[in-house]
Amino acid sequence: QSGTLQHDKGRVPLNTDDNAASVYVTGWLKRGPSGIIGTNLMDAKETVSSILQDIPIFEQKNKRGKEALYEKFHSQKTTVVTWDDYQNGINATETSLEQRRHSSQPRNKLQSYDELLRAAKK
C-alpha cells in the first residue's frame with residue numbers, strides 16, 4: 001500500500017453518478033510522503049483548481065459551493081488564506097531581504113501560526 005488515495009488531479013472518485021467529486025485530496029495523502037513545502041503548494045494548487053472547475057457542477061445541483069464554504073469558515077471563525085495571500089504576504093515576507101539572515105539564504109521560514117497569518121493578511 002502506498003498510503004495514498006486514488007485521484008484525478010485531486011478529485012477522489014466516488015461510486016456515484018456525479019461528474020464532480022465530493023471529496024478532494026492534497027499533500028502526502030495525494031502523492032505519498034515526499035517533497036517539500038513548494039511541492040505541497042503546487043500539489044494543493046492543482047487540487048484547488050479541480051475544485052474551482054467543479055463549482056458549476058455543484059451549482060447545477062443547487063449546492064451553494066464556494067459561498068457556503070466561506071460561510072462555514074466564517075461561522076467557525078476560521079481564517080482563510082488564499083493563494084494571493086500566500087504569494088503576496090507569506091512568500092514575499094519569507095523571501096524579503098529584511099527577513100533573511102544573510103543574502104545567500106533563499107528564505108527565512110516564518111515559525112508560528114500567528115506570524116504566518118500576520119504576513120498573509122499584509
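This report describes the fold, the salt bridges and a few individual residues of a predicted model.

## Overall make-up

The model is predicted, not determined by experiment. Its protein chain has five helices and zero strands.

The protein chain has 122 residues, and 25% of them count as buried. Its accessible surface is about 8,800 Å², with 53% of that area belonging to carbon and sulfur atoms. Among contacts between residues at least 6 apart in sequence, 43% join residues at least 24 apart.

## Helix α5 and its cover

Helix α5 spans residues 113–120, and its buried residues are L117, A119 and A120. These residues lie on the same side of α5, because they cover an arc of only 165° around the axis. The cover over the buried residues of α5 includes α4, which runs over residues 83–95.

The side chains of K121 and D85 meet with 2.8 Å between N and O. K121 is in the segment after α5 while D85 is in helix α4, so this pair ties together parts 36 residues apart in sequence. The two partners can be compared by their accessibility. K121 is partly exposed at 46% relative accessibility, whereas D85 is buried, with a relative accessible area of 15%.

N88 is another residue of helix α4. N88 is exposed, and its relative accessible area is 58%. Between N88 and K121 there are 33 residues of separation in sequence, and their C-alpha atoms are 8.9 Å apart in space.

## Salt bridges

Side chains of opposite charge can pair when their charged atoms come close. In the whole structure, a search finds seven salt bridges. The pair K121 and D85, described above, is one of the salt bridges.

Another of the salt bridges joins the side chains of R11 and D54, at 2.9 Å from N to O. This pair links distant parts of the chain, with R11 in the segment before α1 (28–31) and D54 in helix α2 (residues 37–60), 43 residues apart. R11 is buried at a relative accessible area of 15%, and D54 is buried at 3%.

K109 and E94 also form a salt bridge, and their closest N and O atoms are 3.0 Å apart. K109 belongs to the loop between α4 and α5 and E94 to helix α4, so the pair ties together parts that are 15 residues apart in sequence. K109 is partly exposed, with a relative accessible area of 28%. E94, by contrast, is buried, with a relative accessible area of 0%.

Besides the salt bridge between R11 and D54, a polar atom of the R11 side chain lies 3.4 Å from the backbone oxygen of S50.

R100 is found in the loop between α4 and α5. R100 is buried yet has no salt bridge. The nearest side chain of opposite charge is that of E98, at 8.2 Å, while a salt bridge needs the nitrogen and the carboxyl oxygen to be within 4 Å. The side chain of R100 does reach the backbone oxygen of Q105, at 2.9 Å.

Leaving aside neighbours within four places in sequence, R100 is in contact with E94, T95, Q105, P106, R107 and N108. Among them, E94 is the residue that forms a salt bridge with K109. R100 and K109 both lie in the loop between α4 and α5.

Note on methods
Residues numbered from 1 in each chain as written. Predicted model: local features only at pLDDT ≥ 70, side-chain atom pairs only at ≥ 80, totals over all residues. Heavy atoms only, no water. Buried < 20%, exposed > 50% of the residue type's maximum accessible area, 1.4 Å probe, protein only. Helix = DSSP H or I, 4+ residues; strand = E, 2+ residues; numbered from the N terminus. Arc of directions from axis to C-beta. Contact = heavy atoms within 4.5 Å. Polar contact = N/O pair within 3.5 Å; in protein donor to acceptor, adjacent residues only side chain to side chain. Lys, Arg positive; Asp, Glu negative; His and termini not counted. Areas by Shrake-Rupley, 256 points an atom, 1.4 Å probe, with all protein chains shown as cover.
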